Amino acid sequence: MDTATRVLSVRDVVTESEAEDDPAEAPEAGEGGGGSGVAEDAGQSEEPAAEEARDGEDAEDAEDGGKPEADVATDAKADAGTADEPEPEPEAKAKAKTAEPKAPETGTPESEAPKAGTVASEAEAEAETEAEAEAEPAVDRPTAVFKKPRPAVDQPTTMLKLGGAAKDAAKDGAKAAPKPGEGGEGKGGAKPAPKPAESEAERTSKFVALKPLDAPDAPKPESAAPAGPKAQPTAPTARTTPAARPGFERTTQQPLPPKPPLDLLAELTNTPPPPETPLRTTMRRVKIWTPLVLLLLVVFAVVQALRPLPAPALALTAKDTYAFDGGKLSLPWPDEGQGWMDVQGVGAMGQFGAQKPVAIGSVAKTMTSYIILRDHPLKVGQEGPKIQIDPTAEKEGGYDKGGESTLNTVKAGQSLTEKQALSAVMIPSANNIARLLARWDAGSEAAFVKKMNDTAKELGMTHTTYTDPSGLKETTVSTAEDQVKLGNQVVQNPALVAITSAASWTDPSGKNWPNWNELPYRMGAIGIKTGSTTAAGGNLLFAARKKVGGETVTVVGAILGQHKNPILGTANAVSKTALEAAKEALTSAKILKKGDVVGYVDDKLGGHTPVVATEDVTAVGWAGSRVKLSFAADQVPHSAKAGTKVGTLTVGDGGAGGAIKVPVALRQDLGEPDFLAKLTRIS
């Protein structure tokens with residue numbers, strides 16, 4: 001019990017003792033008469049002032065949510081009184097409250113104090129009379145009234161107390177009330193006395209919240225003053241109202257923005273977040289980003305390891321050319337026309353004259369035979385399909401009387417094999433059989449001529465034009481260089497070489513026809529074709545083979561525009577001289593030995609596996625010539641054992657045929673790229 005509660009208890013005891021000793025002198029609540037009344041009021045006025053000061057201190061101590069002990073004692077006393085007495089009717093309560101007098105102000109004139117007391121006495125008497133009239137007969141009811149517990153508040157309330165006179169009046173009323181069970185209809189029919197009205201100080205107790213509510217209730221209007229004589233101004237009631245706290249504004253609650261993760265963690269662990277520093281910020285970012293970076297690195301490594309490997313390639317480390325010693329070769333060329341000499345697979349050996357299109361005569365039959373064997377291939381010794389002689393071929397066979405080369409032994413209805421027909425075209429140079437093959441292959445001579453020109457373009461014969469299958473027309477023109485290009489293709493066809501290298505041919509009738517090309521039987525040449533007209537002069541496309549350094553080399557040449565009589569004999573003679581000089585100039589050199597490293601396999605990821613030549617490499621050439629070296633890769637695997645063939649080393653011009661080719665193999669085992677190489681590849 002605190003100091004305020006003890007003061008109230010002592011005062012109440014003293015007041016009750018005085019009332020019992022001198023009942024006549026104890027005035028009712030609200031009455032004041034004589035000097036004793038003034039002194040008593042003055043004493044009571046001082047006591048409430050002291051009590052209010054102490055209550056203020058208790059209220060400050062109770063701001064943390066506790067209720068002062070004085071209020072607890074007062075509430076307990078009020079609850080006890082309520083439990084012992086029946087509660088009066090609402091109307092009686094209202095009237096009692098209206099008739100309750102106000103505490104006299106300290107220092108009020110003595111002459112006016114009795115008036116206020118008289119008014120209060122009359123109001124109490126009237127309230128008791130009305131309460132008795134309206135009271136109903138007593139009924140059986142519980143002896144205690146359970147009151148609803150008070151809700152917790154943020155701040156204790158302060159009960160404003162008047163002087164002891166008001167308390168004495170309330171106590172006198174409580175003494176006059178019968179105890180529960182003594183009255184009622186069941187025991188004598190006495191009506192229970194009404195409960196005395198609450199004092200103004202007790203009735204006006206109020207809770208003050210620590211903070212204002214969002215939507216406070218509107219203030220209730222005060223009850224109207226009771227009708228009667230106007231009382232003098234009394235001391236203001238100590239009713240308190242909640243004071244607005246400075247610095248706060250009544251607003252609706254809004255959600256706060258989310259706090260940083262470290263602040264939330266600090267709230268959960270009751271540990272304040274550490275101060276923000278550049279180092280701490282850096283460490284936090286490292287902790288956040290390190291797992292993500294590691295995850296990306298793992299994904300990147302898996303993708304790199306599972307990506308398909310690039311196809312390995314073969315690279316040459318040896319020199320890409322080889323040069324023969326000596327000065328430039330000079331061949332014995334005639335003093336007219338044009339010529340070209342080529343070593344198949346190596347390159348041009350020499351030339352003379354302007355390479356401009358000129359009439360070539362029957363040399364054009366080389367293209368006719370080439371196309372027939374391309375479209376209708378034969379092997380060496382095969383005769384091929386039979387071709388029927390038509391009346392045109394028989395008729396044109398008689399043109400030999402006019403100086404034209406024909407096969408005049410054929411008759412309409414007869415037939416020639418493909419090989420016989422080709423032999424008639426290439427050895428006795430029969431014009432009528434060349435036209436017959438054109439019609440048999442393409443259906444007409446015009447269609448076949450178109451084929452001839454198309455093929456010339458495919459072979460790169462850019463200065464050649466064909467206008468007939470036999471070459472008799474002067475409009476069929478070409479150059480020595482273009483005809484050598486065609487000759488390089490012809491010598492690669494064994495069936496055709498077998499025909500052109502023959503010294504003579506016997507037709508089905510048994511007639512023997514000598515080859516107009518004298519080189520096969522004079523020097524062992526392998527062809528190819530002669531041609532002569534008045535406009536074209538003597539022309540010869542020739543070829544011969546020679547073994548050099550263990551390699552067989554083919555020399556192809558052409559000489560055009562020889563007009564010295566006999567024109568065809570002149571062409572044979574000058575061609576033979578040039579061909580023999582060319583064959584004599586050929587030489588060979590060993591440029592690589594077996595086992596020499598010539599290159600490597602590149603796995604495209606930085607790995608190199610060396611490859612070596614499987615045999616000695618010999619280059620063929622002549623003085624001052626340069627030979628080209630190149631690699632042609634096979635299907636190179638990602639892994640293989642040592643000695644596995646992975647490609648071919650080509651010495652010379654592989655596109656023209658006749659170049660020297662040597663296989664190359666792995667010198668050591670070829671393995672797949674390691675994990676680091678796979679991981680670091682970019683493309």
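Guide: A residue is called buried when its relative accessible area is under 20%, exposed when it is over 50%, and partly exposed in between, using a 1.4 Å probe and counting protein chains only. The model is predicted, so local features need pLDDT of at least 70 and side-chain atom pairs pLDDT 80 or more, while totals for chains, interfaces and linings use all residues. Residues are numbered from 1 along each chain as its sequence is written, and side-chain values use heavy atoms, with hydrogens and water left out.

Visitor: In what order do the seven strands of the open sheet stand?
Guide: Strands here are DSSP runs of E with at least two residues, as helices are runs of H or I with at least four, all numbered from the N terminus. Two strands count as paired if DSSP finds at least two bridges between them. In this open sheet the pairing is antiparallel, and the order is β1-β15-β16-β20-β19-β18-β2.

Visitor: Which strands stand at the edges of the sheet?
Guide: An edge strand here has a single partner strand, so one side of it is left without a neighbour in the sheet. That is the position of residues 313-316 and of residues 321-323, which are β1 and β2.

Visitor: Which residue of β18 stands opposite Tyr-322?
Guide: Strand β2 runs antiparallel to β18, residues 626-633, and three bridges join the two. Across this pairing, the residue of β18 that faces Tyr-322 is Val-627.

Visitor: How many bridges pair β19 with β20?
Guide: Strand β19 (residues 645-651) also pairs with β18, in the antiparallel sense and over five bridges, and there Val-651 of β19 stands opposite Leu-629. Towards β20 (residues 660-666) the sense is again antiparallel, with Thr-650 standing opposite Lys-661. The number of bridges between β19 and β20 is six.

Visitor: Is Tyr-322 buried or partly exposed?
Guide: A search of the whole structure finds two aromatic pairs, where rings of Phe, Tyr and Trp (its six-membered ring) pair if their centres lie within 6.5 Å, with planes under 30 degrees apart counted as stacked, over 60 as edge-to-face and the rest as tilted. Tyr-322 and Phe-324 form an edge-to-face pair, 5.2 Å centre to centre with 85° between the planes. Phe-324, at 9% relative accessibility, counts as buried, whereas Tyr-322, at 28%, counts as partly exposed.

Visitor: How many residues apart are Trp-333 and Phe-352?
Guide: The centres of these two rings lie 4.9 Å apart and their planes meet at 35°, so the pair is tilted. It links distant parts of the chain, since Trp-333 belongs to the loop between β2 and β3 (338-343) and Phe-352 to strand β4 (residues 347-352), and their separation in residues is 19.

Visitor: Which residue of β12 stands opposite Gly-531?
Guide: Strand β11 (residues 528-533) is largely enclosed by the rest of the structure, because five of its six residues are buried. A hairpin through three residues joins β11 to β12, and the two pair in the antiparallel sense over six bridges, with β12 covering residues 537-548. In that pairing Gly-531 faces Asn-539.

Visitor: What is the distance in space, C-alpha to C-alpha, between Thr-465 and Lys-450?
Guide: Thr-465 lies in the loop between α14 (445-458) and β8 (477-478), and its relative accessible area of 38% makes it partly exposed. In sequence, Thr-465 and Lys-450 are 15 residues apart, and in space, C-alpha to C-alpha, their distance is 10.0 Å.
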